[in-house]
Amino acid sequence: MATQRAAARTAPSSPALPDDGSVGTQPGPADPQEGAVKRELFKYRLRKWLFSPRPFLMLIGFAAFLGGWYLLVDVLGVWRFGTLPGLVEVVTEWTAREPAYGVSLFTSEYYTHIWVSLRRILLAFFAALALGIPLGLFLGWSTRFREFSFPVFELFRPIPILAWVPLAIIMFASDEAPVIFLTFLAAFFATALNTLLGVQSIDREYMRAAFCLGSSSRQVFRHVVVPGALPFIFTGLQIAMGVAWFSLVAGEMVAGKFGLGYLINSSYTTTRYPTIIIGMITLGAIGFLSSAIIRLVGNRLMVYRARAMA
Amino acid sequence: MSTQVDRGTDGARIARVTDPSSLELRGVTKLFGEGPLATPVVQDCSFTLESGKLTAMIGPSGCGKSTIAFLVAGFERPTRGEVLLDGQAVSQPSHERLLIFQETALMPWLTTYENVMFGPKMRRAANKDTKRRAEELLERVGLREFRDKYPLQLSGGMQRRAELARALINDPKVMVLDEPFRGLDAMTRVLMQEYYSALFEEGGRTSLFITTDIDEAIFLADRLLIMTNLPARVREVIDVDLPRPRDKEEVLVSERANEIKEQAFDVLHEEALKSFAGGNKAAADFVEAYTRRQETTD
């Protein structure tokens with residue numbers, strides 16, 4: 001054993017068995033092969049997924065939905081379904097080079113609406129993140145700060161976003177700012193509250209251990225409170241993104257020029273019904289993507305959680 | 001079993017403490033509860049952790065042992081009395097008095113190595129020297145291969161060992177371990193006791209080891225403090241004059257160890273009886289176990 005130890009010391013990267021006979025995971029691959037292993041693993045998982053029933057079940061699900069739509073609206077037109085735009089009509093409109101109602105994949109107007117909505121979401125979301133996370137962290141960290149600001153926070157939080165619409169329009173005399181403000185507000189409350197819960201969820205032992213190891217209060221905040229609250233913060237950001245889209249559409253319907261919510265509402269008032277459906281499906285797809293991106297960033301920042309589950 | 005623990009070559013051993021400290025509790029009382037409802041959890045408690053010795057504190061669970069650990073660590077201040085480290089009163093947490101907690105308190109978001117380096121980093125002492133020591137300590141506790149793993153990827157025993165390394169790198173004057181091997185399965189627990197015993201014998205660092213397990217206490221300690229039921233006070237001090245280095249198998253069958261064990265059991269039994277008479281249901285289990293034990297040994 002002594003020689004093995006000596007050998008291990010001179011060649012730090014040489015593999016050696018754990019000397020206590022304990023059962024554990026594979027030694028951490030810190031070598032350049034790691035990338036290759038990851039790619040192989042990705043290929044393996046992709047193949048496994050493709051040859052499992054899951055992609056087919058997913059396709060069946062979509063097919064059933066689209067088939068049901070086609071059957072109820074286009075073919076049968078039973079009950080009130082006859083009043084809705086049919087599948088064929090929507091798909092033709094969406095993919096037409098010269099759409100009957102003015103908006104399709106080939107018109108710049110479509111992308112203007114998407115871009116305007118996205119810009120508002122991003123501005124509002126990052127403002128909510130920049131203000132909500134620090135507020136939540138301080139609410140959780142300082143009892144005194146919480147005592148004077150949390151009651152006010154809790155009074156404003158339950159006010160439905162739609163109730164803010166008149167005030168937002170009065171306060172911001174432009175087309176853009178009221179919508180961004182409403183979107184921000186919804187995301188802000190969700191972010192701040194979840195960050196606060198995140199701080200409160202941290203096991204006290206971590207803070208005690210950090211103090212024991214010689215940390216100052218500031219260091220405990222930076223090295224224990226922030227990383228400890230991160231899982232809740234990302235849950236909060238997921239929720240925030242959801243309510244942000246909700247508020248955005250509500251805001252665009254009442255106060256906006258351009259944007260997907262505006263597109264849906266204006267298509268309704270001008271009876272361009274297929275365009276409503278195009279706007280809705282676009283919202284669904286972008287909303288799904290934005291949540292997925294947050295999840296991805298979260299997994300990148302919290303490698304330890306992903307590893308523990310693997 | 002004992003052969004599994006490698007006591008290490010000189011290179012892998014941890015450095016011996018040259019001038020071990022001593023810690024004293026002098027007439028410490030700690031009240032808990034609101035105003036008029038405040039009751040003592042620790043009352044008029046005095047003892048000394050002698051320099052370079054391992055003192056084990058044993059007593060029924062819920063008797064205030066953890067409060068004593070918090071008082072020594074500086075998380076709580078005594079209502080009356082003093083905690084003195086080398087004659088200096090203790091007032092706040094410091095790396096000089098390191099506490100190892102019941103369940104693991106490794107930061108889950110840091111790797112094993114980053115956890116070990118946490119103390120030096122906080123004290124702005126993360127230099128070549130401490131980095132090398134971190135690697136050595138990880139090697140010593142058999143975690144070199146696991147330096148880049150996160151705590152949730154480690155087994156329970158590995159987590160406790162990582163925690164020992166995280167504490168030792170700070171060269172604490174006193175180490176307090178509050179039931180550190182609680183929640184481990186029996187095999188791992190024995191392994192950990194041997195690991196810890198070897199580490200202690202190498203370093204000779206003044207330590208307080210809190211436990212509810214008599215065998216564990218006798219195997220590890222130079223001296224036993226048997227505590228009363230709530231409020232906690234030292235009821236009896238027993239010197240464990242067994243030779244070191246100790247081998248778990250040998251120690252547990254030795255006659256002297258058995259004498260100490262009987263002595264400790266008798267004191268704990270008396271305490272349990274008193275506590276049971278006072279309405280503590282938890283003590284009933286101990287009383288019953290003690291009675292059964294007497295029946296089988298007689």
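This is a predicted model: local features need pLDDT of at least 70, side-chain atom pairs count only at pLDDT 80 or more; totals for chains, interfaces and linings use all residues.
View 1

**View 2. Helices of chain B at the second largest cavity**. Helix 5 (156-168) and helix 6 (186-203) of chain B each contribute at least two residues to the lining of this cavity. The most come from helix 6 of chain B, which provides four residues.

**View 3. The largest nonpolar core**. This core has 158 residues. Those that touch the most other members are Val224(A), Leu25(B), Phe47(B), Ile68(B), Leu99(B), Leu224(B) and Met227(B). Helix 10 (residues 217-255) of chain A gives the most to this core, with 16 residues. From chain A, domain 1 (66-95) and domain 2 (108-309) each supply at least three residues of the core. In soluble globular proteins, nonpolar side chains tend to be buried together.

**View 4. Surroundings of Leu99(B), a member of the largest nonpolar core**. Neighbours within four places in sequence are left aside here. Leu99(B) is then in contact with Cys212(A) from chain A. Within chain B, Leu99(B) is in contact with Ala69(B), Phe70(B), Ala73(B), Phe75(B), Val176(B) and Asp178(B).

**View 5. The two domains of chain A**. Chain A is divided into domain 1, residues 66-95, and domain 2, residues 108-309. Taken over C-alpha atoms, the centres of these domains are separated by 35 Å. Seven residues from domain 1 of chain A and eight residues from domain 2 of chain A take part in the contact.

**View 6. Asp86(B), a residue with positive phi**. Most residues other than glycine have a negative phi. In Asp86(B), phi is near 50°. This residue is located in the loop between strand 4 (80-85) and strand 5 (88-89) of chain B. Asp86(B) has a relative accessible area of 41%, so Asp86(B) is partly exposed.

**View 7. Asp171(B), not a glycine but with positive phi**. The phi of Asp171(B) is about 45°. Asp171(B) belongs to the loop that runs between helix 5 and strand 7 (174-178) of chain B. Asp171(B) counts as partly exposed because its relative accessibility is 45%.

Key. Residues are numbered from 1 along each chain as its sequence is written. Chains are lettered from A and ligands numbered from 1 in the order in which they are written. Side-chain values use heavy atoms; hydrogens and water are left out. A nonpolar core is a set of buried Ala, Val, Leu, Ile, Met, Phe, Trp, Tyr and Cys residues joined through side-chain atoms within 4.5 Å. Buried means under 20% relative accessible area, exposed over 50%, partly exposed in between (1.4 Å probe, protein chains only). Domain bounds come from an automatic or database domain assignment. Contact means heavy atoms within 4.5 Å.
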